[in-house]
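The briefing below concerns a predicted model. It takes up the fold of one chain, then the contact between two chains, and then two individual residues.

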Amino acid sequence: MKTFAELNFPGRLIAVEGLDGSGKSTQIYLLKRWLELEGLKVYFSEWNSSELVKAATSKGKKRELLTPTTFSLIHATDFADRYERHLAPLLRAGYLVLCDRYIFTAFGRDVVRGCPPEWVRGIYSFAPLPDLTFFFKADLEVSLQRILDGRPQLKYFEAGMDLRLSQDPYESFRIFQGRILEQYLAMSTEFNFLVIDANQQVEKQQSVVRELITQRLDLDQFRRAEPPAPLSLAEPPKRLKREVPVE
Amino acid sequence: MKSPDRNHIVVPRPTERRYYGHGIPGVDVVQLAGKLIAVEGADGSGRSTQIAKLVEWLEGCGHATVQVGLKRSTLVSEELEQAQQGNILSRTTLSLFYATDFADQLENIILPALKAGFIVLADRYIYTLMARDMVRGMDEAWLKNIYGIAPEPDAVFYLKVPPGELVQRTFAKNAALDYWESGMDIGLSRDMFDSFMKYQTAMEKTFRHLQRIYGFTIVDGMRSTDAINAELRKQISGVLAGKQALDGQ
């Protein structure tokens, strides 16, 4: 497996991975804001967000129709749609693509659900590796607390209830997340994860992330040809409109 | 007519079963005691007609049957249909969408029916899905890995009808060629008739390639419905008696 850089894509893909509640979405949001304000070509994509596939996925989840195999395949379909339609073309066009979760999320979750690792990896083999993968490593208890404090109503698949680990959704969630964390840790070396200590303050983490990116990427390559027009100029001034002759 | 046979119901003999690859986690292949019969072939090859006749015959013989086909899953069939109408799916996405549809029917219909000892008739199976994707340039090893979830059928019949005849049968029925069955998404030709002929020829070639790997039975689809059905019945009777289906020419 090769990275986008190794495959001579002009763009670069940066992925964040970590447990629910590890704070990775906050970090990638701050990263996106920084890169945008620097005037760079940035695109952001979230796991499980393809418009096309979403309806089927949410039906499957709501009605608890999904098995480990179909759970895996439907998420792969979602990923493929985003990959073929957005990620790959934008990377060809020299964008910095930020992904909140990438193939490692599937590698972890699907394997915990009992799918054979080689099968899952084979499915995603059409996707190159990220150029940088940040893994937000928080203590299991810290991530659990963040989720359980904020959203006491856990969803069926989110809690891993389909695995029959426990009748209690909270207990099931703990065991499930613990197993996913094991998978992440096992992948960390193999896929060169840049491990960020997610127990630290938000600002500390963000400065480490920005530092690592500055070291590893030549950001000037991703600058927009011209700075984007300020919003106020996006629409023609009203005075001009009035000069259009009325027939 | 044959009074001694009237109440005699043949109890199918068990045969060894295996998955093509890893299979479905948690489902032991040994439990799949029923029989799985797949009928492959292009639109207009007579698949549906043959399957309807086989169901009638099998049920008359006292066998419980279940039918499955492509794009019939509860999970994604509607969404897949919608996406295809808009023609906005790229090839990997379309391929995985179909694989999801297949897996949903496999786990919810095919495997439970086989466990319960039913005869499952599949109106197309993984081979059509693989052939379509291969014609679109997808990697064969990638497809084999995905469809390693599938159990190997007891018999697979490929109804072979040349593209020239398929086009005639399609026009006799619909007076229009289907966008996907003509492979219009691939850009073989802007002329739909031309594209249909090229696409169906490529599909036939791919099926010949898959036949060498999976060893399914090629059935000459140019004969009468009854003649074809008689051949299928003969082969299936053999399968129920515990014999392997023969590779045709």
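Helices and strands are taken here as DSSP runs, of at least four residues for helices and at least two for strands, numbered from the N terminus. On that basis chain B reads β-α-β-α-α-β-α-α-β-α-α-β-α along its sequence, which comes to eight helices and five strands. Because the radius of gyration of chain B is 18 Å, close to the 18 Å that the globule rule gives for 249 residues, chain B is as compact as a globular protein of that length.

- The C-alpha trace of chain B spans about 60 × 45 × 30 Å along its principal axes, and buried residues make up 41% of its 249 residues.
- When the contacts in chain B between residues at least 6 apart in sequence are considered, 79% of them join residues at least 24 apart.
- In soluble globular proteins, nonpolar side chains tend to be buried together.
- The largest nonpolar core holds 124 residues, and those that touch the most other members are B:Ile37, B:Val120, B:Ala122 and B:Phe157; helix 3 of chain B, residues 91-115, supplies the largest share of this core, with twelve residues.
- Apart from its neighbours within four places in sequence, B:Val120 is in contact with B:Gly34, B:Leu36, B:Ile37, B:Val66, B:Val68, B:Ile110, B:Ala113 and B:Leu114.

**Contact between chains A and B**

- Chain A contributes 25 residues to the contact and chain B contributes 24 residues.
- On the side of chain A that touches chain B, the elements giving two or more residues are helix 2 (51-62), helix 3 (68-92) and helix 5 (117-123) of chain A, and helix 3 of chain A gives the most, with eleven residues.
- That side of chain A divides by class into 14 nonpolar, eight polar and three charged residues.

**Packing of the two helices**

- Two packed helices are described by the angle between their axes and the distance between the axes.
- The axes of helix 3 of chain A and helix 3 of chain B come within 8 Å and cross at roughly 170°; since angles over 145 degrees count as roughly antiparallel, helix 3 of chain A and helix 3 of chain B are therefore roughly antiparallel to each other.
- From helix 3 of chain A, the residues making this contact include A:Thr69, A:Leu73, A:Ala76 and A:Glu84, while those from helix 3 of chain B include B:Thr92, B:Leu96, B:Ala99 and B:Glu107.
- The residues of this helix-to-helix contact divide into eight nonpolar, six polar and four charged.

**Two buried residues**

- B:Ile146 lies in helix 5 of chain B, residues 140-146, and counts as buried because it has 25 C-beta neighbours inside 10 Å, the cut-off for burial being 20 or more.
- Leaving aside neighbours within four places in sequence, B:Ile146 is in contact with A:Ile123 and B:Ala99; B:Ile146 and B:Leu96 are 50 residues apart in sequence and 8.8 Å apart in space, C-alpha to C-alpha.
- A:Leu96 belongs to strand 3 of chain A, residues 96-100, and with 26 C-beta neighbours inside 10 Å A:Leu96 also counts as buried.
- Beyond four places in sequence, the contacts of A:Leu96 include A:Gly11, A:Ile14, A:Leu35, A:Val42 and A:Phe222; between A:Leu96 and A:Leu219 there are 123 residues in sequence and 9.1 Å in space, C-alpha to C-alpha.

Note on methods: Residues numbered from 1 in each chain as written. Chains lettered and ligands numbered in written order. Predicted model: local features only at pLDDT ≥ 70, side-chain atom pairs only at ≥ 80, totals over all residues. Rg over C-alpha atoms; globule rule 2.2 N^0.38 Å. Buried ≥ 20, exposed ≤ 12 C-beta atoms within 10 Å, placed from the backbone. Contact = placed C-beta atoms within 7 Å. Core = buried A, V, L, I, M, F, W, Y, C linked by C-beta atoms within 7 Å. Nonpolar A, V, L, I, M, F, W, Y, C, P; charged D, E, K, R; others polar. Axes fitted to C-alpha atoms, helices over the stretch in contact; angles between N-to-C directions. Parallel < 35°, antiparallel > 145°, perpendicular 65-115°, else oblique.
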